[in-house]
Amino acid sequence: VQLEESGGGLVQAGSSLRLSCVNIERSIYTFAMGWFRQAPGREREFVAAIRWNGGDTYYADSVKGRFTISRDNGENRVNLQMSSLKPEDTAVYFCVADSRDYARTWSTISSLGGFDLWGLGTQVTVSS
């Protein structure tokens, strides 16, 4: 597994949680990293992403203003700070990375096909 996620857990609505993901395969450069999520019975959906060069960030409307994505170039790490969590944020969160420089625009960076590397996922559960 090239992408290692951490930080999931069970929290109450209104709380905050921070997810982190590190690319442990330093020989492979990643042009962008981000997060998708999948709730039970629902399709996997885009959450947020960040381009490594320039630091451009992208967010799904459902998390804009509540979630903040950031990167640590030196550690090949991406973080997702989640605030004001809602029960509908409950899902398995997957870290993703683009090693092909494909995820360049909103249409590609917000699509499943924009990323070729995927983590195993970490569970986030928000109780009401």
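At 1% relative accessibility, Asp-89 counts as buried, where buried means under 20% relative accessible area, exposed over 50% and partly exposed in between, with a 1.4 Å probe and protein chains only. The model is a predicted one, in which local features need pLDDT of at least 70, side-chain atom pairs count only at pLDDT 80 or more, and totals for chains, interfaces and linings use all residues. Residues are numbered from 1 along each chain as its sequence is written, and side-chain values use heavy atoms, with hydrogens and water left out.

Asp-89 is placed in the loop between β8 (77–82) and β9. Helices (H or I, at least four residues) and strands (E, at least two) are DSSP runs, numbered from the N terminus. The side chain of Asp-89 is joined to that of Arg-37 by a polar contact of 2.9 Å. Such a contact is a pair of N or O atoms within 3.5 Å; within protein, one must be able to donate a hydrogen and the other to accept it, and residues adjacent in sequence count only if both atoms are side-chain atoms. Leaving aside residues up to four places away in sequence, Asp-89 touches Arg-37, Arg-66, Phe-67, Ser-84, Val-124 and Val-126, contact meaning heavy atoms within 4.5 Å.

Now to the aromatic rings. Rings of Phe, Tyr and Trp (its six-membered ring) pair if their centres lie within 6.5 Å; planes under 30 degrees apart count as stacked, over 60 as edge-to-face and the rest as tilted. By this rule the count is seven aromatic pairs. In one of them, the ring centres of Phe-46 and Trp-106 are 5.4 Å apart and the planes stand at 90 degrees, so the pair is edge-to-face. Because Phe-46 belongs to strand β5 (residues 45–51) and Trp-106 to helix α1 (residues 106–109), the pair ties together parts that are 60 residues apart in sequence. Phe-46 is buried, with a relative accessible area of 8%, while Trp-106 is partly exposed at 45% relative accessibility.

Phe-94 and Trp-118 have ring centres 6.2 Å apart and planes at 65 degrees, so this pair is edge-to-face. Phe-94 lies in strand β9 (residues 91–98) and Trp-118 in strand β10 (residues 117–118), so the parts tied together are 24 residues apart in sequence. Phe-94 is buried at 9% relative accessibility, and Trp-118 is partly exposed at 27%. One aromatic cluster is formed by Phe-36, Phe-46, Tyr-58, Phe-94, Trp-106, Phe-115 and Trp-118.
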